[in-house]
Structures are given as structure tokens and as C-alpha cells.
Amino acid sequence: MRVGLLSLVVLVALNAEAATPNAVVKALDDLRTCHRIDDPVCRGVPVRLKNYGGRAVKPLMKAFPGLSPAGQLLGVVALKGIDDKSATKALIALSSDSGYLIRTVSLAALGDRKGRAVDKALIKALADDAAAIRAAAAESLGKVMRKRDMKRTVPALVKATGDKEMTVRVASLESLGFLGAVSALDTIVRALDSRQLSVRKSAVFSLRLLADKRSVPALMEILKEE
């Protein structure tokens with residue numbers, strides 16, 4: 001009886017494994033019909049693909065160029081939910097070789113992942129021509145769920161605090177705070193002298209996170225502002 005039950009369990013497992021590729025194909029077929037992300041069927045596709053894990057990544061990336069903008073966005077959502085090296089590689093590829101929106105959301109998704117390749121992709125994006133791409137990369141570098149390579153990340157963010165676009169400067173300053181980058185203290189303190197209120201607020205925010213007593217005189221000075 002026990003042998004029979006074990007055989008049944010193995011058979012069910014094998015059938016499930018055999019059915020998975022067909023299920024991925026079906027999910028991708030549904031994704032190809034998606035032209036609005038709020039469609040009930042379309043909203044469920046990322047979860048379905050996520051459930052298949054790394055097995056869904058290669059077929060998804062093969063189908064990706066033929067998807068509508070909405071379908072591609074949902075595809076990135078699916079990749080974000082797949083905790084697999086192949087999904088990370090796919091997000092890195094999309095973050096540098098896709099349309100503007102897909103690059104932005106892919107960079108945001110990479111913020112939750114670790115590894116030298118991830119850091120390299122995010123740092124590279126800090127030099128992009130588009131300000132929104134640079135801002136997305138700066139923000140993702142500051143996510144602390146996963147540790148960054150501080151020796152490479154902090155200097156890149158310090159440099160980005162001098163970006164011509166305010167959104168990039170703000171994101172870079174805040175990320176330095178989230179990372180606890182005490183070595184960037186002088187850079188953050190200098191940002192208190194910015195003419196732009198948003199930049200000064202971000203500097204104060206980061207100094208609060210660092211909680212380094214060397215910043216106290218500068219913070220006392222900024223209290224005099226109306």
C-alpha cells in the first residue's frame with residue numbers, strides 16, 4: 001500500500017513537471033494578447049509565470065520583442081518576482097537594451113537584487129543620457145535589502161550628486177544615506193548649501209540616517225533658514 005502511494009506521488013510529480021512547459025506557453029500566449037495591464041487575465045499572468053520560476057525566463061525573453069508595451073511591462077513584473085540568476089541576467093539585459101519605460105522599471109527591479117553584475121549595470125546607468133534612467137539607477141543603488149559593493153557604489157553615487165538634474169542629485173543623496181555611507185559625509189554636508197530646497201531636504205534626510213556627530217554644526221546652521 002505504501003509502495004502504491006509512493007508511486008502515485010511520483011506519477012503526479014512527473015505529470016506536473018511535464019505539464020509545466022505547456023503551462024508556460026499558455027501563459028505567454030495570454031501575455032501576447034495583453035494591450036492593457038488592467039485587464040483581469042493580463043494582471044494574473046506575472047503571477048503564473050513567477051510560479052514556474054527559472055523555467056519561464058528563457059521562453060519569456062524569447063517572446064519579449066513581440067509583446068505589446070503593456071505585455072512587456074507585465075513581463076518585467078514577472079521577472080521581478082522570479083528569484084533566479086537567469087531572471088537577474090534578463091533584467092540586466094533589459095535595463096540596457098530596451099525602450100525607455102522598460103529600462104526604467106528593469107532598473108527599479110534590480111534594486112532588490114545583489115551581485116557584482118547588478119552593481120555594474122546600475123552604476124553604468126548613472127551615466128545614461130536620460131535623467132529618469134539615471135535617477136532610477138541612483139534610487140536602486142540605495143536599496144538596502146541586499147548589500148552593495150560599497151567600494152564601487154559609493155564613489156559612483158558621490159559623483160552623481162553633482163548631476164545636472166535635480167532628481168538624480170536627490171536620489172543619489174538619499175541612497176548614500178540608506179547605504180550608511182559615512183565616507184560620503186562631506187559630500188552630503190556640502191549639499192546643504194544647495195539653492196534647491198529638495199536637494200537640501202535630501203541632504204538632511206541622509207544625515208539623519210548616518211547619525212554622525214560631525215554633521216551637527218552644519219545642521220545647526222541650516223536651522224537658521226526661514
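Author: Let us begin with burial: a residue is called buried when its relative accessible area is under 20%, exposed when it is over 50%, and partly exposed in between, using a 1.4 Å probe and protein chains only. The model is predicted, so local features need pLDDT of at least 70 and side-chain atom pairs count only at pLDDT 80 or more, while totals for chains, interfaces and linings use all residues. Residues are numbered from 1 along each chain as its sequence is written, and side-chain values use heavy atoms, with hydrogens and water left out.

Reader: Is Arg116 buried or exposed, and in which helix is Arg116 found?

Author: The relative accessibility of Arg116 is 67%, and the cut-off for exposed is over 50%, so Arg116 counts as exposed. Helices are DSSP runs of H or I with at least four residues, and strands are runs of E with at least two, numbered from the N terminus. By that numbering, Arg116 is found in helix 7.

Reader: Which residues gather with Arg116 in a patch of positive charge, and which helix gives the largest share?

Author: A patch is made of residues with over 30% relative accessible area and no salt bridge, like charges being joined within 9 Å and nonpolar side chains (Val, Leu, Ile, Met, Phe, Trp, Tyr) within 5 Å. Lys and Arg count as positive and Asp and Glu as negative, whereas His and the chain ends are not counted. On the surface, Arg116 gathers with Lys120, Lys124 and Arg152. The largest share of this patch, 3 residues, comes from helix 7.

Reader: Which helices do the buried residues of helix 6 pack against?

Author: Helix 6 covers residues 100-110, and its buried residues are Ile102, Arg103, Thr104, Ser106, Leu107, Ala109 and Leu110. Contact here means heavy atoms within 4.5 Å. The buried residues of helix 6 pack against helix 4 (69-81), helix 5 (85-96), helix 7 (116-125) and helix 8 (131-141).

Reader: How many Å separate the C-alpha atoms of Glu139 and Leu107?

Author: Glu139 lies in helix 8, and Leu107 is one of the buried residues of helix 6. Glu139 also touches Ala171 and Ser175, when residues up to four places away in sequence are not counted. Although Glu139 and Leu107 are 32 residues apart along the chain, their C-alpha atoms are separated by 9.1 Å.

Reader: Which residue forms a salt bridge with Lys80, and where does that residue lie?

Author: A salt bridge is a side-chain nitrogen of Lys or Arg within 4 Å of a carboxyl oxygen of Asp or Glu. Lys80 forms one with Asp112, the closest N and O atoms being 3.6 Å apart. Because Lys80 is in helix 4 while its partner is elsewhere, the pair ties together parts that are 32 residues apart in sequence, with Asp112 in the loop between helix 6 and helix 7.

Key:
Accessible areas come from the Shrake-Rupley method with a 1.4 Å probe; for residues, only the protein chains shown count as cover. The place of a charge is taken as NZ of Lys, CZ of Arg, CG of Asp or CD of Glu.
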